[in-house]
Amino acid sequence: MKRRNLLAGMGGLAAGSGLLVGTGAFTSVSADRTVTVAVEEDSDALLKLQELGTGKRSVTDGGKLELNIPSDDEGQYPSGDPTDPDGVAPDSVYKFGADAGGNPGDGLFKVINQGTQPVDVYGTNGSDADEPSVAIFDPETDEKEILTESDPYKSLGVGSTLRCGVQLDTHDVSVNTYDVPLIINADADN
Amino acid sequence: MERRKFLIGTGSLAAGSAAAMGTGAFTSVTANRTMEVKVADDASALLALDAESTLSNSVYADESGSAIRVNLDGNDINGDNSGSPAGVNKNAVTQILNIFKVKNHGTQNVFVYVPPTSVSPESVGEDGSSDLYIDPQASSLPHRVSYPDADSLSLTSVYLDDTKEETHNRDAFPEEAGYYEPEDFTLAPGESLNFGLHIDDSGSNFDGEISMNIAADAEYAASLSSGSDD
């Protein structure tokens, strides 16, 4: 009678050359495996983030999307008779649906799903209480409601693009220059 | 007897062009990016609120803070320490125009309005339940076509509701004789209108603060010039 070797199979990062586990228990195992990860620039990542427009409110810096409100070039718009604002006002809610000089609805940046499942897209505010709060919205809708975890942009398909605008809330915020987080989330539907 | 070797392979977190993706895509991604935001005084903001001294009633504007205020409560307005005047007339209609400029420092045309529901407390706004009624007014409008002889137009007459899907055009106030054109309230980049107040008192003893939102919408302004009707 041939002995059967029972293999206790388990899901795991096993990629070794041959692990034979018999019915006997083991006291401990330490199995070193490897995970291959490539960190990509935003333009080529699983969640692709791409700046829009030429007014420089959205730029790519070091391979990452970055926003500046007002843009470094804001003092050049509109051409011929520029208005040169210093910034957003306090105690206000500003929505930016396009780059400086762009058309309303164009968006400040694009989110493109380069994964393999549809995802829900939304923003998270990471600002402190005395900083401008940041939210993202879909500028191609009329209501321009902000996208939150409980009310995201639903089911962005594989290969599909979502244009995003940014909402800033400066209630109880003083005149100053702030570096605040812009947090973009994408969750697979299931 | 040969020993069997079994290899257990599973999907792995391999990214990059050469790797084969398993059936799982990413479950979630959280990308932390940064943005730089400059907050400026009202007078130099993208929608600037600026009480230029050339305006006839700029003395009632208080620009000591970064957000503009209007004071109609005396407080030494004339700077002569006389304690007078101390407020607006009771049982009277008082119109104070040209208090500060609302300037479009953006890059697109905007439609300027005050949502009537933003006037707070509600009783002095469209609710109308108080003996005091206050309505924001606009004068020196660069694109006015309606009522050319009127001193000012009401900023709460043509407005976008919260959904931004509908504009409303109420009876022109204080004319109450017809309707305005939305174009009346548009500002191209660099243009401004003068903000004022219409105050109608029927015997109130009001002594307090009233707030309202001044709104500017570029998308609605763009729909006006393209001729599309949403």
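Author: Accessible areas come from the Shrake-Rupley method with a 1.4 Å probe, and for residues only the protein chains shown count as cover. In this case, the accessible surface of chain B comes to about 11,800 Å², and carbon and sulfur atoms hold 43% of that surface. This is a predicted model, in which local features need pLDDT of at least 70, side-chain atom pairs count only at pLDDT 80 or more, and totals for chains, interfaces and linings use all residues. Residues are numbered from 1 along each chain as its sequence is written, and chains are lettered from A in the order in which they are written.

Reader: How many helices and strands does chain B have?

Author: Helices (H or I, at least four residues) and strands (E, at least two) are DSSP runs, numbered from the N terminus. Chain B has 13 strands and one helix.

Reader: Which strands form the open sheet of three strands?

Author: Strands of a sheet pair through backbone hydrogen bonds, either parallel or antiparallel. Two strands pair if DSSP finds at least two bridges between them. Here the order is β11-β6-β13 in chain B, with antiparallel pairing. The edge strands, β11 (186–187) and β13 (215–217) of chain B, each pair on one side only. Strand β6 (residues 110–113) of chain B is joined to β11(B) by two bridges, and Val110(B) stands opposite Leu187(B).

Reader: What proportion of the residues in chain B is buried?

Author: Buried means under 20% relative accessible area (1.4 Å probe, protein chains only). Of the 230 residues in chain B, 43% are buried.

Conventions. Side-chain values use heavy atoms; hydrogens and water are left out. Buried means under 20% relative accessible area, exposed over 50%, partly exposed in between (1.4 Å probe, protein chains only).
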